[in-house]
Amino acid sequence: MEVVPLRYYGRWITALALGVVLAGLLVSMITNPRFKWDIVAHYLFDDSIIAGLMMTIWLTVAAMGIGIVLGTAVALMRISDNPVLSNIAGGYLWIFRGTPLLVQLIFWYNLSALYPQITIGFPFGPSLGSFDANRYITVYVAALLGLGLNEGAYMSEIVRSGLNAVATGQREAAEALGMSRFRVMARIILPQAMRVIIPPTGNQLIGMLKTTSLVSVIALQELLYSAQLIYTANFQTIPLLIVASAWYLVLTTLLSIGQYFVERHFGRSDRRVAAAPDVAIESGK
Amino acid sequence: MPAPADSRDSLESFAVVARGVEKSFGSHKVLKGVDLRVEYGKVVCILGPSGSGKSTFLRCMNHLERIEAGFLRVGGQLVGYRQHAGKLYEMRHSEVARQRADIGMVFQSFNLFPHMTVLQNIIEAPIGVRGIPKRQAIEEAMTLLAKVGLTAKADAYPRTLSGGQQQRVAIARALAMRPKLMLFDEPTSALDPELVGEVLAVMKGLAAEGMTMVVVTHEMGFARDVGDSVVFMDGGVVVEQGTPSEFFNNPRTERARAFLGKVL
């Protein structure tokens, strides 16, 4: 008998309606001279924009690096049996997740107002060295401290949820084999937690890429601030925001593609191989 | 606090000596003074209704649970404690780990490492804990896989195996550490009925080789055929202990009779 597949008229109608709206938008963007696509094209590869782009990439990588290392350490402290470590980790989380990143950035930038001279040593005891905060807490250091410490707080929760997602039987099996605590964590728990940790970390990385634009408030020349410097001089605000956005889009697209491959790598034990007949058992009986 | 040992209990012929072992989870007392002796080379099956404390007791033997009172010696050593100058010192994790390396454990839920292949599962601890060269570890692992009939599955991931195959890998993984004692915690309870036989066959083979085994199980047939002695636990104590024929044919206590009436 002939099979008549269901026809999805609704899909055709919505596609048509949305197609008209999108086409209208696109035409307006191209024909509206105020978008000034020639200026966008002119500044897209401008030296200062490219320098800002590099700074954004560098900040993203460095801040995420700090965040991941710090976050893993804080997560391990948090789940530790040692009550001192666990409470310190909790306090860190409370402060850095509980205040706005923008405030933290401005705070670090102004640290030298609070501590003009920073001394490393023991409370009321001998000092090991001292340095001038104005000289060393530059905008770079302030930006990295702000972004990295804040990210560490969020990453620690992601790592902790990943560690918690590993079945308790895994730890028991590893400990029953006589593995040390370190080995159980490094070889059994963390690799399995990775599958839970990687997807949200990818999101954090993409988020961080855009969050770096916040450091424009402390006048660090990353992508957005570079665009702002140009449009405060020539008043081409919209074209230069389009330039910056285009670069953010390019980078997030690349990161999303990378995320796909990384997730596939860590999920490899999930993919079933074609079941081969179990010859060995039959002959063993 | 566990009581110090007397000389009678440190006899070398016992793989496990337990006296008055107690353990609570919160306010619920699971073990209320368990006594047991397991001789080297023997297979002891622990039977009993669920909630009788038999699995908890087994887990105490490699310190997955910490005992609160009594005395527990495995392989001639106190589990989790060092005796020195009339005092018991709680061991560091690294010392406990060294003790555990000599005790194999097989779990109800297999607990294979899902991110490693069958072969990697088996060689992980021999290489990482014992420091055996990789090549030698792989050779030994392949011999063990042949023994459990899974040579063809060396490079498969655990998820692709049936429950019975996974449990046989878990047994091979435990054996790779060359343990002096094997603990089995309901090894066939999570298996489909038609897969139970293949796991019991491997365990039977081990028993025939003279491996010392403590098996918590609901498989009455295995206890009867393979067990050298049967321990019946109920309500956190050992109620009855004897040879399989004594226990199954002439249970002495009412509780054992009631239990056997239900399961046989």
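Begin by selecting B:A18 in this predicted model, and notice that, with a relative accessibility of 4%, this residue counts as buried, because buried here means under 20%. B:A18 belongs to strand β1 of chain B. If you then show its surroundings, leaving aside residues up to four places away in sequence, you will find that B:A18 touches B:V34, B:D35, B:L36, B:F57, B:F71 and B:L72.

B:L72, which stands opposite B:A18, lies in strand β4 of chain B. Select residues 14–25 of chain B for β1 and residues 69–74 for β4, and you will have two strands that run antiparallel and are joined by five bridges. How many of the six residues of β4(B) are buried? Six of the six are, so the strand is largely enclosed by the rest of the structure.

Now extend the selection to residues 77–78 of chain B, which form strand β5. Two bridges join β4(B) to β5(B), and these strands too run antiparallel. For one of the pairings, pick B:V74, whose bridge partner in β5(B) is B:Q77. The hairpin made by β4(B) and β5(B) has two residues between the strands, and in this hairpin B:G75 takes a positive phi near 60°.

Then move to chain A and select residues 139–165 for helix α8 and residues 181–211 for helix α10. The axes of these helices come within 8 Å and cross at roughly 145°, and the crossing is right-handed. Showing side chains brings up the residues that meet, including A:L147, A:Y154 and A:I158 from α8(A), and A:I189, A:V196 and A:M208 from α10(A). Sorted by class, the contact between α8(A) and α10(A) has 15 nonpolar, five polar and one charged residues.

Finally, display both chains together and look at where they touch. The contact takes 33 residues from chain B and 26 residues from chain A. About 2700 Å² of area is buried between the chains, and carbon and sulfur atoms give 57% of this area.

Conventions:
Residues numbered from 1 in each chain as written. Chains lettered and ligands numbered in written order. Predicted model: local features only at pLDDT ≥ 70, side-chain atom pairs only at ≥ 80, totals over all residues. Heavy atoms only, no water. Buried < 20%, exposed > 50% of the residue type's maximum accessible area, 1.4 Å probe, protein only. Helix = DSSP H or I, 4+ residues; strand = E, 2+ residues; numbered from the N terminus. Pairing = 2+ DSSP bridges. Axes fitted to C-alpha atoms, helices over the stretch in contact; angles between N-to-C directions. Left-handed = near helix turned anticlockwise from the far one by under 90°. Contact = heavy atoms within 4.5 Å. Nonpolar A, V, L, I, M, F, W, Y, C, P; charged D, E, K, R; others polar. Buried area = accessible area lost by both parts, 1.4 Å probe.
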